[in-house]
Amino acid sequence: MIKVNIDLCSGCKRCMLACSLHKVGGFNPRCSSIEIITDIGNKPIAYNIKFCTDCKDLYCLDFCMFGALEACI
Amino acid sequence: MSWWGRYLYINLTEKKWDEYCIPESIVRKYLGGNGIGAYILYNLCKRGVDPLSEENLLIINTGPANGTLVPMASKFCALSKSPQTNGFTKGFCGGEFGQELKFAGWDGIIITGSCEKWTHIHIEDSKVYFLDAEYLKGFTTSLTQYKLKERFGNDVKTLVIGPAGESLVKYACLISDLRAVGSGGMGAVMGSKKVKAITVRGSQVLKPKNRERLVNFIKAFEKSVYEHPGVKNLIKFGTAAGVMHLQYLGVLPSYNWQKETFELAENISGEALRSKVVKDVSCFGCIVPCGKYSVSKDTFTIGPEYEGIFAMGTIIGNGNLDELITLDRLTDELGLGQIQAGGVVAWVMECYEKGLLSKDHLDGLDLSFGNVQAVKELLKKIAFREGIGDILAEGSERASQILGVGKDFLMTVKGMEIAGHSPRAVKTQAIGYAVAHRGPSHCDIRPGIEENNVIPFASPKDKGKISKELAVWTSVVNSIIYCLSAERVVGLKLNESILDMVNAVMDWDISMEELHEIGERIYTLERLFNVREGFSRKDDTLPKRIKQEPSERGCITTQDELDEMLDEFYEAFGWDKEGKPKKETLVKLSMEEFVNDL
């Protein structure tokens, strides 16, 4: 399962794009297991893990440049 | 593919929409964003159209890199015929709207016609709804967006206008989240069409043509960005990092450009702004969180960016950071283009201090430099066209004609107020303001190459040729669309890094020469649009003050110097002495279809 540290997150949502690329071979954040919820100023305020398959590739971690994601067993 | 080749063509008068296809042959010539937007505008917007009539077009466009994982490719653009310059205009904006448009299966939207009542266009993949927006009339941009998200869900992406766009203020802007398509008056164009808001939500999957190649490029690019020393500064201070740098160089404009240093610069610098920042935020998909989410005693904003600090700070004599954040938010909430609004206010202030305009003319307001409370009142009057605001909503040049004052210190080119980089000292910027097709913008021919001492500062030598290369570079960058804030990292001219990006995103194998030609073609097409509208060398000029009054460090760009640089610039592009593209230039750039328009 993926955990997100909202304090470190910049709201870029690259994890969502990466997850989408991994799962469906293309980009759309709605296809991602991770949902970063931002306010009107793009500030991350919450996150939601919807149906993470605990894949071993951890594409989402790989594309997060802020160290905001953590894989927990 | 990372682009669809499909545009949503909306005719508001008939309340109909259709698909407008762009074939790959056009993509190969104009790339996307700026390039294809200019191509569509040139072909669909007839000569002499009134910018605020239903015949004008508003084009919202994306670039092939948007919506992919390419870092810093987060912006979308808008193009139209400008109500302020009566010529070509374009503007760029960060956030999430552009990407969402692509996730809905569209590269862009082309809007023509107009509605009778205030309308909200909602796009849900291939479905388009024309909804009533009378209930949003008069709302600020944030309130409008909150209402829309409340009704349609937090995941819809929004593009709206504020009261200024509704009142057809000539420099009204478009707002998406807390970000703006600032210059060009496209808020007024959208207002003239009676469109208060556009929302979009998409469920299409954007599949890269060559996934492995794209991912390899992205990983290498991420690394090179983070290894660059300039990125740390950008992350820490945002574009506000430039304030003290320009102050030390003596090129920080203040008091309506009477000076080029500001005694209170430290108070409103990037370093000072840090004390107000609660979060560093990124645009969608960007690895450089240069957005400074900052708070003042009564509001919050993203920024202010350098240009906001210039427009709502230095040129109006405001050195109070708290008030600057408030004014930054206020202009966006009202939907006023910030650079132009600041330029208009600064011009009024100089008129007031010189005794040319009194309180009687200004609805009782004391518009001395630095009086921010009066500025707040004036901005509201402009946005709602109340009292003196009705005249100032036309821009400073037109206001000067109506009121019969202040002609000598108008800081305008082509009827638009200039941005915050000195054309006295930065010669590439002098050419940039003079020739920019969208009015005096700092985003076509960029000032960074001189401000960062890559080439000699304050000398006109070779600046015409260098400016051509800068124009070609930004034309490409604005078409694949990645952010110009990354210029120091990715390079200040066309280079291998940009070529690799284009080839990886498009899965092409074009050469540097071909990429260069694309940039030349796009810039020349914009020129053709303005030539068709009657623009020529006489319009490629600078404000009188820049040509006649030196700055404190002794810099000035005289008419003779400008003429010399313009000759060199036109020649480098293959244009004649009047700035009109030559027939052989069009043939060389494979633009034969436009030859008959000359």
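Mentor: A word on conventions: residues count from 1 along each chain as its sequence is written, and chains are lettered from A and ligands numbered from 1 in the order written. In this predicted model, local features need pLDDT of at least 70 and side-chain atom pairs count only at pLDDT 80 or more, while totals for chains, interfaces and linings use all residues.

Trainee: Why is chain B called as compact as a globular protein of its length?

Mentor: The globule rule is 2.2 Å times the number of residues to the power 0.38, and the radius of gyration is taken over C-alpha atoms. For 598 residues the rule gives 25 Å, and chain B has 22 Å, close to that value, so chain B is as compact as a globular protein of that length.

Trainee: What makes B:Leu214 and B:Phe217 of H7(B) buried residues?

Mentor: A residue is buried if 20 or more other C-beta atoms, placed from the backbone, lie within 10 Å of its own, exposed if 12 or fewer, and partly exposed in between. B:Leu214, B:Phe217, B:Ile218, B:Phe221 and B:Val225 are the buried residues of H7(B). On the other side of the helix, B:Glu212, B:Lys219, B:Lys223 and B:Glu227 are exposed.

Trainee: How do you know that the buried residues line one face of H7(B)?

Mentor: The arc is that of the directions from the helix axis to the C-beta atoms. Down the axis of H7(B), the buried residues fall within 105°, so they line one face.

Trainee: How many residues of chain B are in contact with chain A?

Mentor: Contact means C-beta atoms, placed from the backbone, within 7 Å; 30 residues of chain B are in contact with 21 of chain A.

How values were computed:
Two residues are in contact if their C-beta atoms, placed from the backbone, lie within 7 Å. Helices (H or I, at least four residues) and strands (E, at least two) are DSSP runs, numbered from the N terminus.
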